Amino acid sequence: MSQSTANRGIGGVASYVDDRTGAATAVKWGLKKVFPDHWSFMLGEVAMYSLIVLLLTGTFLTFWFVPSAGHVIYDGSYVPLKGIDMSEAYKSTLDISFEVRGGLVMRQIHHWSALLFVASIATHMFRVFFTGAFRKPREINWVIGLVLSLLALVEGFAGYSLPDDLLSGTGLSFARGMILSIPIVGSYVSSFVFGGDYPGEALIPRLYTVHVLLIPALLVVLFTVHIALVALQKHTQYPGPGRTEKNVVGFPVMPVYAAKAGGFFFIVFGVTTLLAAIAEINPIWAYGPYDPSPVTAGSQPDWYMGWLEGAIRLTPGWFEFQVFGWTFSFNIALGGLILPGIVTMAAAFYPFIEAWVTGDKREHHLLDRPRNAPTRTGLGAMAISFYLLLLAGGGNDLIATHFKLSINDITNFLRVAIFVIPPIVFVITKRICLGLQRRDRDLVLHGVESGRIVRLPHGEYLEVHEPVNEYARWELVQHDTHRPLPEPEATDADGVRRPGLRAQRMRAKLSRFWFEDRVETVTPAELAAAHAHGEHEALDTSHESRGIEGGEVETRAVTRH
């Protein structure tokens, strides 16, 4: 078949589909969509490509995995477990690892992709938070991203719980303890989830349905909505020459981004496969089948669930008490349920809180430099330090055994540090941001050190400063400087108490917290004054002074390290 014949055939099929669906207009619009070019935007793409890899490898694994807690005697090729009684789920996972051609590498690709999926979502959300990409009109997309991250956590936990080995069983017993800590209804919820007494035989089939059907469907739907909103609302972009709130500077999807996206997908797939080939992960045969009686010393969940375990380990035991015969285990509920709920709500409502504090109703398509939003950046750094401390709490036993320290001392230290270190991190981060802003302001006003020393006719020495070019200067001065709101008056001009006074006072206090410490943006008047009297004018002045009798100019080169 000639090339022209093939093209006519493809064109005929395209025309047929377009006549019946009108898809050509949407496809044409999508292919001409312009996206900005910056490495940080790839974090979201890594999450999307990892999800694709998860779906592909998960489909492969479903052909051999048996989601059943029914008991069998193992008679496979892994000799240390021969003759051991185990569940069909665990046996089928061993068979995938040792009997199915390529099964082990597929299992490991699946697990590494899950870790990369959660990590890329987290780092993508950090990028969105620190650059202010969640502001109007993207508040809903921020909430969708948060829901996606929570679903990813649940999906990952369900996935590594399915093999029914001793490690995953320990994790399920941990989850059961959190469910039982729900006041009043905990035992009923546990019975519903586990299908009766723990561990029961209904949980694995239920987890399987949730893992391969329910949550993947939700992830795909929400990812589609998320990407559709990104396309409809215009992509955010970093400040730069020619970039405004009303345009997007970049490359169209076709052919530039289509080629880059295809290549990047195979890079992600290749790196994940390489990890799976050379780095062992979750060797279930080393743990053995799950039995409620043994205790797995040193067992650790995947990193994205470790902070929950740390929160529970750090909660003092005296939070458990009895009232009228009812046992309230807040020593578990506080760290495992209440704290995650508070963190989730704070993250979900943050865009709306910041918009309320600033009173900013405008649409934002240009991103902030993190240094230009010091309070927001400090809060983000504080949240990261809070998570890392809880993660360390989840591994307090391993820290104690590896470094030969007292586990009680580690736990007590972390109980104090969880309240002390995050505020310190906030203050330090905010001061660093303000210092960087002052450096930017000095750079705009006084220019760049040239390393050349000029001696003026009257003997004074000055270093020549070269002004920053207009494009670089614009990036340093284009951001808004918010100021704190004034304290509202208690009454109006007629002496009547103002409605909503308490909310207005709260808003004023938050505004002072956000913007009381600030560095003002350089104004055109300040810039003109600096250029009229700045040191970078010294060279021109010195050249003019050559016509003065007896004048002398000496220039020296200075090497800056």
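Let's start with Glu 487, which is partly exposed at 39% relative accessibility. On this scale, buried is under 20% relative accessible area, exposed is over 50%, and partly exposed is in between, using a 1.4 Å probe and protein chains only. Before I go on, a word on the model: it is predicted, so local features need pLDDT of at least 70 and side-chain atom pairs count only at pLDDT 80 or more, while totals for chains, interfaces and linings use all residues. Residues are numbered from 1 along each chain as its sequence is written, and side-chain values use heavy atoms, with hydrogens and water left out.

So what does Glu 487 pair with in a salt bridge? Its side chain meets that of Arg 512, at 3.1 Å from N to O. This pair links distant parts of the chain, with Glu 487 in the loop between α16 and α17 and Arg 512 in helix α17, 25 residues apart. Arg 512 is partly exposed too, with a relative accessible area of 29%. For the bookkeeping, a salt bridge is a side-chain nitrogen of Lys or Arg within 4 Å of a carboxyl oxygen of Asp or Glu. Helices (H or I, at least four residues) and strands (E, at least two) are DSSP runs, numbered from the N terminus.

The search of the whole structure turns up 18 salt bridges, so let me show you a few others.

Asp 517 and Lys 430 also meet through their side chains, at 3.8 Å from N to O. Here again distant parts of the chain are linked: Asp 517 sits in the loop between α17 (501-515) and α18 (524-533), Lys 430 sits in helix α15, and 87 residues separate them. Buried or partly exposed, which is Lys 430? At 7% relative accessibility, Lys 430 counts as buried, whereas Asp 517 is partly exposed at 34%.

Now look at helix α11, residues 303-314. Arg 313 and Glu 309 form a salt bridge there, at 2.4 Å from N to O. Because the two are 4 residues apart in the helix, about one helical turn separates them. Arg 313 is partly exposed at 24% relative accessibility, and Glu 309 is buried at 11%.

There is also a network of salt bridges, and it links Arg 135, Glu 354, Asp 368 and Arg 376.

How many cavities of 30 Å³ or more does the structure hold? There is 1, and the largest cavity has about 80 Å³ of space. Its lining includes Arg 369, Asp 440, Arg 441, His 479 and Glu 520. By class, the lining has 4 nonpolar, 4 polar and 4 charged residues. Here Ala, Val, Leu, Ile, Met, Phe, Trp, Tyr, Cys and Pro are nonpolar, Asp, Glu, Lys and Arg are charged, and the others, Gly among them, are polar.

The second largest pocket has a volume of about 1100 Å³. Its lining takes in 42 residues, and Phe 35, Phe 41, Glu 45, Val 230 and His 235 lie nearest its centre. Helices α3 (42-62) and α9 (203-232) are among the elements that each supply at least two lining residues. The lining divides into 25 nonpolar, 10 polar and 7 charged residues.

If you wonder how these spaces are found: on a 1 Å grid over the protein atoms alone, a cavity is a set of points where a 1.4 Å probe fits but cannot get out, and a pocket is an open set with protein on both sides within 12 Å along at least five of seven lines; lining residues have an atom within 4 Å of a point. Points are joined across faces, edges and corners, and the volume is the space filled by probe spheres set on them.

Asn 141 is buried, at 7% relative accessibility. Leaving out residues up to four places away in sequence, Asn 141 touches His 226, Leu 229, Val 230 and Gln 233, where contact means heavy atoms within 4.5 Å.

Last stop, a hairpin. Strands β7 (residues 448-455) and β8 (residues 461-466) run antiparallel and are joined by 5 bridges; strands pair if DSSP finds at least two bridges between them. Val 454 stands opposite Leu 462 in β8. The hairpin has 5 residues between the strands, and Gly 459 takes a positive phi near 100 degrees.

Stepping back, the protein has 19 helices and 9 strands, and 41% of its 561 residues count as buried.
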